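I am opening a notebook on a structure that is new to me. These entries record what I looked up, one topic at a time.

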Amino acid sequence: MEIHITTPKTKAGIRIIPMFDDVKRALLDENLKQMEHGFTRSEIDGYFGFIFQNRFQEVHIPHLANRAIWRIIRSHNIEAGETGAVRLPDFSVHNLRHIFCTRLCKNEPNIKVIQEIMGHRNIETTMDVYNEATKEKKMESFANLEGKIKIS
């Protein structure tokens, strides 16, 4: 399988993505581990120094990350069947991205911020796929407006 990296053609394609403190710590820990055991040997389209690597010190291929998730789910569900524990549903890395964006929409009112973080070229993608106008959200919106708009 051949992997390529698409370099942004304009400055608009370059974005800053904030990260949680726990994620930053995990990445720094991984960097320290690689300093001890060796960095990835992979170079893709002139890029190198990738954070995630497999046991052969090569860059992770997205499809293999999904296969690892599926193996973990399968193992867990076999054990869950024997112990009566809760079974895990099938999901992929893309499902995790979708879950993150859905939760971001529930907690971040600025849709433009969400669009930038997710890298959606068109804001309609963010609006139509992820942003939900639930009954609770509509009621919350009007509760926040109460007393701020003069009716008479």
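I began with glutamine 115, which I found in helix 4. Helices here are DSSP runs of H or I with at least four residues, strands are E runs of at least two, and both are numbered from the N terminus. This is a predicted model, where local features need pLDDT of at least 70 and side-chain atom pairs count only at pLDDT 80 or more, while totals for chains, interfaces and linings use all residues. Residues are numbered from 1 along each chain as its sequence is written, and side-chain values use heavy atoms, with hydrogens and water left out.

**Glutamine 115, continued.** Is glutamine 115 buried or exposed? Glutamine 115 is buried, at 5% relative accessible area. I use buried for under 20%, exposed for over 50% and partly exposed for values in between, with a 1.4 Å probe and protein chains only. I then listed its contacts, meaning heavy atoms within 4.5 Å. Beyond the neighbours within four places in sequence, glutamine 115 touches His120, Arg121, Asn122, Ile123 and Thr126.

**Valine 113.** Helix 4 also holds valine 113. Valine 113 is partly exposed at 33% relative accessibility. I checked its separation from alanine 65: 48 residues in sequence, and 28 Å in space from C-alpha to C-alpha.

**The core.** Next I looked up the largest nonpolar core. The term covers buried Ala, Val, Leu, Ile, Met, Phe, Trp, Tyr and Cys residues joined through side-chain atoms within 4.5 Å. The largest one has 8 residues: Cys101, Leu104, Cys105, Ile111, Ile114, Ile117, Met118 and Tyr130. Helix 3 and helix 4 (111-118) are the elements that give two or more residues to this core. Helix 4 gives the largest share, 4 residues. In soluble globular proteins, nonpolar side chains tend to be buried together.

**Cysteines.** How many disulfides does the structure hold? I found 0 disulfides, a disulfide being a pair of cysteine sulfur atoms within 2.5 Å. Cysteine 101 is in none, and its nearest cysteine sulfur, that of cysteine 105, is 4.4 Å away. Cysteine 101 is buried at 0% relative accessibility. Cysteine 105 is buried too, at 7%.

**Salt bridges.** My search of the whole structure gave 2 salt bridges. The term requires a side-chain nitrogen of Lys or Arg within 4 Å of a carboxyl oxygen of Asp or Glu. Aspartate 22 pairs with arginine 25 at 2.3 Å, N to O. These two sit 3 residues apart in helix 1 (residues 21-37), so about one helical turn separates them. Aspartate 22 is exposed at 55%, and arginine 25 is partly exposed at 47%. Glutamate 30 pairs with lysine 33, their closest N and O atoms being 3.4 Å apart. Both lie in helix 1, again 3 residues apart. Glutamate 30 is buried at 18%, whereas lysine 33 is partly exposed at 43%.

**Positive phi.** Which loop holds aspartate 45? I placed aspartate 45 between strand 1 (43-44) and strand 2 (47-48). Aspartate 45 is not a glycine, yet its phi is positive, about 50°. Aspartate 45 is partly exposed at 42% relative accessibility. Glutamine 57 also has a positive phi, near 60°. Glutamine 57 lies in the loop between strand 2 and helix 2 (62-83). At 22% relative accessibility, glutamine 57 is partly exposed.
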